[in-house]
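Please keep the structure open while you read.

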Amino acid sequence: MPTGIPKRRLAAGAALVVAALVSTTACGGGDSDSKDKGAGYNAALDKVVNASAKKGGTLKFISKQDFDSLDPQRTYYGFSWDFSRYFTRTLVTYDTKPGAASNKLVGDLATGPATVSDGGKTYTYKLRDGVTWEDGSKLTSKDVKYGIERAWATDVITGGPNYLMSTLDPKSEYKGPYKDSSADKLGLKAIDTPDDQTVVFHLPKPNGDFEQFLAMPAGAPVKASKDTAAKYTQHPFSSGPYKIQSYSANKSLVLVRNAAWKKASDPIRPALPDKITVTISPNLEENDKKLMEGDYDLDLNGTGMTQSGRISAVQDHKADVDNLETTFVRYVALTHTIKPLDNAHCRKAVFYGTDFAGLQQTRGGAIAGGDIANSVFPKSIPGYDSYDPYGVIARKGKADDAKAKDELKQCGQPNGFSTKITARTNQPGEVDAAEALQQQLSKVGIKIEVDSIDGAQSSSISGSPKVQKERGYGMTMSGWGPDFSTGQGYGQPLFDSRFIKSNGNYNESQINDKTIDGLFDQAIATTDKAKSKAIYEQMNKRLLDNADWMPFIYEKNISWRGPRLTNIYSSAAYSGRYDYVTLGVVK
């Protein structure tokens, strides 16, 4: 499969990027050899760049792919969560501060975090005064409850996270508002709305991460009279400072000011631009060029520039570049339901036959692309440790073909086997990495066919166990960042069998291990952070020992920071991505 950059240029391109970044670092992070005089290389890593309260202008995003959904209960892409705060509010949200300080939960629709009682099983919130919908009508506690209930309608509302359902209704007794026989369609027993300003959640058992679930768009209100079910994604009704003027799937989105929004009711959003536009274009290299030429301000996806874009940016514009440390892990899911990868020894052969250092080069090398991974958890998540059963770090990422061939013998495939791997065309470096893996594994007799797919369709392709089986996808190359910064928030969608879904499934390996499920239950139940960390370390060891899922890099991104932007900084709460909701522009 042809790629944007021929293989012979990958190593050379990575070397150019690394050389430029090393030069910058050696100069103390300055921009003396850059052709423009922006804020400075890595200026937005831990501080606000171009602080300003000035309003006006149009903020222009470019995106390589469409939103997975604009429906708050259906969205799961990280950039969609970050962006959705322009028109969607939740009871609590993440603080608008740079770096790790952004992980703090603060009140959004609610006056503050919950009052917690009954041994951690009851959470009570009071709504702020003056919160409204875009038509000026009052936003009430019943709107919050109805919005959350929609996630239970899994035959209509697909794709979003499962946390609220599995926590509030673990027996799946409620069937969602569209099948609710109560007059007001508010039959979920776990949520009470004693008055228009009060929301009370009753958990069957404590879960210390519960408020994190409510900070997701899945916890957002929806006005029942404006709910169009599966079509809601086309025009969600706004509770934030902007509303949708127009949306054309796979083409564009335009937001304009919501005149009914009151700043006094919203301490989070400065709402600086008059208009926000998103242009969707799958031409990654052209997108990078247009960013550097000033046609657009920011890449919406936040997954970094292409190889050619990185080279141009760090050589000519590095004062407008940040090398963002993300909490994303790039990985290969090994599908347990596709033979012979149902055999752990065949999966271990993949681990040993992979040249992790080679995959790292396709992502831009250690400085630009990130460190080689040894743990299923990123370094920021309690549960990460140095356990390295395949000697990946000890061999500096190089393959061990002899051990790979020995594992093939043990799984009854001494001559290797054939399978398929999916890779998304709109993710920089993903197809390149898949093709590099294809070449590496061929040396031990494992033949893989690379099937390039549109990332916007991945939830119904690699995220569908049925499609995986029909097409013989034994491997899925992808990336994952934490929904929130705990082992549960990172790992449960990936590794817990109870999170396997018929569509929008992120447990692509289809790991069905009751021991892993039980470890999640143990870790979630404890309030002792040290005990929880030890449990997740045990989980990491089991997943690696079984070769269930193969991480290969802890991702860093070379990201463009448009010189017109104000109030820009990296947010740990959004996996190192820039915090979109604070941005303004110099007109």
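1. Where is the place of Ala271? Ala271 sits in the loop between β9 (252–257) and β10 (275–280). Keep in mind that this is a predicted model. Ala271 is not a glycine, yet its phi is positive, at about 50 degrees. Most residues other than glycine have a negative phi. Is Ala271 buried or exposed? Ala271 has a relative accessible area of 2%. The cut-off for buried is under 20%, so Ala271 counts as buried.

2. Gln510 also deserves a look. Its phi is near 55 degrees, a positive value in a residue other than glycine. Gln510 lies in the loop between α14 and α15. Its relative accessibility is 12%. Gln510 therefore counts as buried.

3. Next, a peptide bond. Lys339 and Pro340 are joined by a cis peptide bond, with omega about 0 degrees. Most peptide bonds are trans. Which loop holds Pro340? Pro340 is in the loop between β12 (321–334) and α8 (344–353).

4. Now the whole chain. The secondary structure comes to 16 helices and 19 strands. The C-alpha trace spans about 70 × 55 × 40 Å along its principal axes. The radius of gyration is 23 Å. For 587 residues, a compact globule would have a value near 25 Å, so the chain agrees with that expectation. Buried residues make up 62% of the 587 residues. Take the contacts between residues at least 6 apart in sequence: 74% of them join residues at least 24 apart.

5. On to helix packing, starting with α6 (residues 284–292) and α7 (residues 307–316). Their axes come within 8 Å and cross at roughly 20 degrees. Angles under 35 degrees count as roughly parallel, so α6 is roughly parallel to α7. The crossing is right-handed. Which residues of α6 meet α7? Glu285, Asp288 and Met292 of α6 meet Ser308, Gly309, Ser312 and Ala313 of α7. By class, the residues of this contact divide into 2 nonpolar, 3 polar and 2 charged.

6. The axes of α14 (residues 487–495) and α15 (residues 514–525) come within 11 Å and cross at roughly 160 degrees. Angles over 145 degrees count as roughly antiparallel, so α14 is roughly antiparallel to α15. The crossing is left-handed. From α14, the contact uses Gly487, Gln488, Gly491, Gln492 and Phe495. From α15, it uses Ile516, Asp517, Phe520 and Ile524. The contact has 4 nonpolar, 4 polar and 1 charged residues.

7. α15 also packs with α16 (residues 529–545), at an angle of about 165 degrees and with the axes 9 Å apart. That angle makes α15 roughly antiparallel to α16. The crossing of α15 and α16 is left-handed. The α15 side of the contact is Thr515, Ile516, Leu519, Phe520, Gln522, Ala523 and Ile524. The α16 side is Ser532, Ile535, Tyr536, Gln538, Met539, Arg542 and Leu543. How many residues of each class does this contact have? The contact of α15 with α16 has 9 nonpolar, 4 polar and 1 charged residues.

Note on methods:
Residues are numbered from 1 along each chain as its sequence is written. This is a predicted model: local features need pLDDT of at least 70, side-chain atom pairs count only at pLDDT 80 or more; totals for chains, interfaces and linings use all residues. Side-chain values use heavy atoms; hydrogens and water are left out. Axes are lines fitted to C-alpha atoms, for helices over the stretch in contact, and angles run from 0 to 180 degrees between N-to-C directions. Helices (H or I, at least four residues) and strands (E, at least two) are DSSP runs, numbered from the N terminus. Angles under 35 degrees count as roughly parallel, over 145 as roughly antiparallel, 65 to 115 as roughly perpendicular and the rest as oblique. A crossing is left-handed if the near helix is turned anticlockwise from the far one by less than a right angle, and right-handed if clockwise. Contact means heavy atoms within 4.5 Å. Ala, Val, Leu, Ile, Met, Phe, Trp, Tyr, Cys and Pro count as nonpolar, Asp, Glu, Lys and Arg as charged, and the others, Gly among them, as polar. The radius of gyration is taken over C-alpha atoms; the globule rule is 2.2 Å times the number of residues to the power 0.38. Buried means under 20% relative accessible area, exposed over 50%, partly exposed in between (1.4 Å probe, protein chains only).
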